[in-house]
Amino acid sequence: MTKTPIVQIESLHSPALRYFDAVRRHGTMRAAARALNVASPAVTRQILKVEKSVGAPLFLRLSSGLKLTAAGEIFADHANLVLRDAHRATYEIESIFGLERGHLSLVTVEAAITSFLPSLLANFQEKYPGVNVQIETTGSLDIPDMVTSGKFDLGIAFSAPPQKNLLKVISADFKIGAIVAASHPLAANSKIDFASCLKYPIVLADGNIATQKLMLPLIEKNKLTMHSILKTDSLELMRNLSRNGKHVMFGTKLNFKNNNDNVKLVHIPLTDGGGVYAELGVFTLKNGKPEPATGRFLSLCTDALEKFL
């Protein structure tokens, strides 16, 4: 019988690289030392060693913590690629011996959490129980930076701004529409224009939610006739206001599909300009081969997303 090896490719790389990455992620030498389970002076020595080799400071020492310099940003890209590839190689070698282990970190918009992600994650963990999954939710506009920084393996976002190191591996277009309770006067419409929604109280997305940017041309066009407006960065508050039967919110059908609520919500596509669309994309770093766990998740993600189109 072939003995299953202990694969530790990451340990082959310089501690300085790993310590630098920990400081970048955690923001202080002390926090990085706790995460690495080493003494703070050991981390400081490794950072000074890297800075001496690079020939420039990698961090700005601020009262609020450490921030990457321009040279630090470049070195961070290098460190991220090397360490991510070490993880990938580790899990690929383990898979040869039948071990389905790994780690998947995902940052996503809340709309995916309320629609296709729960069943997708249940399916994924049933197939690959040895893979640890970390999930965080935030607005679409913040997700590209969180992926390119190396903090997350994958990002799921609406109409994310392009970045040179960001690769879109899956995309699907969803119509933005008015979302109202089934009891709302507008609920009987199969389609509607934005101006018609302004006869009723409306709740608009604010903050880092992509719908805010996508709706801006319609908002500017109808600014003089708008009244009874509420703005929030909470999708849950927007949904609750719509459920109450008076307010109109705007979003895709992913914002409420799969909700097991007593109050049914109805999605009415907007007709302005031939329709308003939000592109849902699944993103990863452009350079480097993804870990096996990431690739397996993406294959399941494509199938799960198609069911909601």
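Is cysteine 301 buried or exposed?

Author: This is a predicted model. Cysteine 301 is buried: its relative accessible area is 0%, and the cut-off for buried is under 20%. Cysteine 197 also counts as buried, at 0% relative accessibility. A disulfide would need a pair of cysteine sulfur atoms within 2.5 Å, and the count of disulfides comes to zero.

For context, buried residues make up 47% of the 309 residues in the protein. The protein has 11 helices and 12 strands. Of the contacts between residues at least 6 apart in sequence, 76% join residues at least 24 apart.

Another buried residue is asparagine 222, with a relative accessible area of 12%. Asparagine 222 sits in the loop that runs between α9 (210-221) and β9 (229-232). Once its neighbours within four places in sequence are set aside, asparagine 222 has contacts with Phe194, Ala195 and Leu198.

Next, the strands. Three of them form an open sheet in the order β10-β7-β11, and the pairing is antiparallel. The edges of this sheet are β10 (249-251) and β11 (265-269); each has a single partner strand, so one side of each has no neighbour in the sheet. From one strand to the next, the twist averages 35°. Strand β7, residues 177-181, is joined to β10 by three bridges, and the two run antiparallel. In this pairing, isoleucine 179 is placed opposite methionine 249 in β10.

Last, a pair of helices. Two packed helices are described by the angle between their axes and the distance between the axes. Helix α1 covers residues 15-26 and helix α3 covers residues 40-54; they pack at an angle of about 105°, and their axes are 9 Å apart. Angles of 65 to 115 degrees count as roughly perpendicular, and α1 and α3 are therefore roughly perpendicular to each other. On the α1 side, the contact involves Pro15, Ala16, Tyr19, Phe20 and Val23. These meet Ala42, Val43, Gln46, Ile47 and Val50 in α3. By residue type, the contact of α1 with α3 has nine nonpolar residues, one polar and no charged.

To return to the question, cysteine 301 is buried, with 0% relative accessible area, and the protein has zero disulfides by the distance rule.

Methods. Residues numbered from 1 in each chain as written. Predicted model: local features only at pLDDT ≥ 70, side-chain atom pairs only at ≥ 80, totals over all residues. Heavy atoms only, no water. Helix = DSSP H or I, 4+ residues; strand = E, 2+ residues; numbered from the N terminus. Buried < 20%, exposed > 50% of the residue type's maximum accessible area, 1.4 Å probe, protein only. Contact = heavy atoms within 4.5 Å. Pairing = 2+ DSSP bridges. Axes fitted to C-alpha atoms, helices over the stretch in contact; angles between N-to-C directions. Parallel < 35°, antiparallel > 145°, perpendicular 65-115°, else oblique. Nonpolar A, V, L, I, M, F, W, Y, C, P; charged D, E, K, R; others polar.
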